Amino acid sequence: WIAAAAGILLGGGLAILGALRRWRVLSIAALTVVSYFLFGAVVAFREQAILGFVPTLDVLLQLALSVAQVWKQMLTLPAPFTGFAQLAIGPFILTLIATVVAVSLALRVRRFAFALVPMVVSLLLSTAFSTYLGFFPAFTGAASMAVAVGWVVWRVHTARAAEGAELVVGGAAEPGVRPAAALAAAALVVVAAVGGGAAAAV
């Protein structure tokens with residue numbers, strides 16, 4: 001739970017900041033990689049990090065290798081992964097990437113339904129690596145889909161309302177200008193959906 005929550009909060013924060021400052025995709029991707037190495041030590045290698053959060057060269061190397069190796073380890077070890085703190089990097093990577101992509105799409109593109117794709121991928125992967133209890137993955141998936149449908153309905157409604165407002169005032173809205181409340185609401189709803197899909201991975 002801690003690793004998944006850390007990935008959701010960090011990914012959502014990066015995506016919102018990138019949208020507000022209009023950063024390019026490569027800039028957000030670079031910051032995501034840097035954040036992974038900075039915060040990955042706290043999530044999975046706290047005992048080996050200096051003061052519990054400063055990554056050493058050995059920790060940085062393990063974080064780099066974990067991007068590819070952790071999935072193989074999670075497949076070969078029985079779930080839940082109690083006692084294997086280093087495997088927490090798996091849910092952290094999954095939620096970090098899924099949240100960055102989902103929230104960025106929700107805030108930047110007109111076809112906002114594409115933001116649901118990372119959520120579905122996150123849900124499928126987290127369920128595959130879960131404890132395989134019948135009820136919990138099913139409940140998680142149903143809750144995530146309910147949030148996703150609600151979010152799409154809300155976005156369609158707000159988009160139509162915005163178009164109606166533009167027609168009333170007789171002009172188009174200024175490009176790139178979006179109310180802060182709408183940004184926060186859209187981001188938080190998508191983060192909740194991604195988080196629901198990733199919860200089964202812990």
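**Rings and their surroundings**

Reply: In this predicted model, Phe 92 has a relative accessible area of 0% and counts as buried.

Me: What makes Phe 92 count as buried?

Reply: The label needs a relative accessible area under 20%, and because the value for Phe 92 is 0%, the residue counts as buried.

Me: Which residues is Phe 92 in contact with, leaving aside its neighbours within four places in sequence?

Reply: Phe 92 is in contact with Ala 3, Ala 6, Gly 7, Leu 10, Tyr 36, Phe 39, Gly 40 and Val 43.

Me: How many aromatic pairs does a search of the whole structure find?

Reply: The search finds two aromatic pairs. Tyr 36 and Phe 37 form an edge-to-face pair, with 5.1 Å from centre to centre and 70° between the planes.

Me: Why is the pair of Tyr 36 and Phe 92 called stacked?

Reply: The ring centres of Tyr 36 and Phe 92 are 6.2 Å apart and their planes lie at 20°, so the pair is stacked. This pair links distant parts of the chain, since Tyr 36 lies in helix H2 (residues 25–44) and Phe 92 in helix H4 (residues 89–108), 56 residues apart. Taken together, the ring pairs link Tyr 36, Phe 37 and Phe 92 into a cluster.

Me: Why is Tyr 36 called buried, and why is Phe 37 called partly exposed?

Reply: Buried means under 20% and exposed means over 50%, with partly exposed in between. Tyr 36, at 6% relative accessibility, therefore counts as buried, whereas Phe 37, with a relative accessible area of 24%, is partly exposed.

Me: Which residues touch the most other members of the largest nonpolar core?

Reply: Of the 19 residues in that core, these are Tyr 36, Leu 63, Ile 89, Phe 92 and Leu 96. Helix H1 (2–21), H2, helix H3 (57–76) and H4 each give two or more residues to this core, and H4 gives the most, with five residues.

Me: Where is Phe 45 found, and how do you know whether Phe 45 is buried or exposed?

Reply: Phe 45 is found in the loop between H2 and H3. Its relative accessible area is 4%, which is under the 20% cut-off, so Phe 45 is buried.

Technical notes:
Residues numbered from 1 in each chain as written. Predicted model: local features only at pLDDT ≥ 70, side-chain atom pairs only at ≥ 80, totals over all residues. Heavy atoms only, no water. Phe/Tyr/Trp six-rings, centres within 6.5 Å; stacked < 30°, edge-to-face > 60°. Buried < 20%, exposed > 50% of the residue type's maximum accessible area, 1.4 Å probe, protein only. Helix = DSSP H or I, 4+ residues; strand = E, 2+ residues; numbered from the N terminus. Core = buried A, V, L, I, M, F, W, Y, C linked by side-chain atoms within 4.5 Å. Contact = heavy atoms within 4.5 Å.
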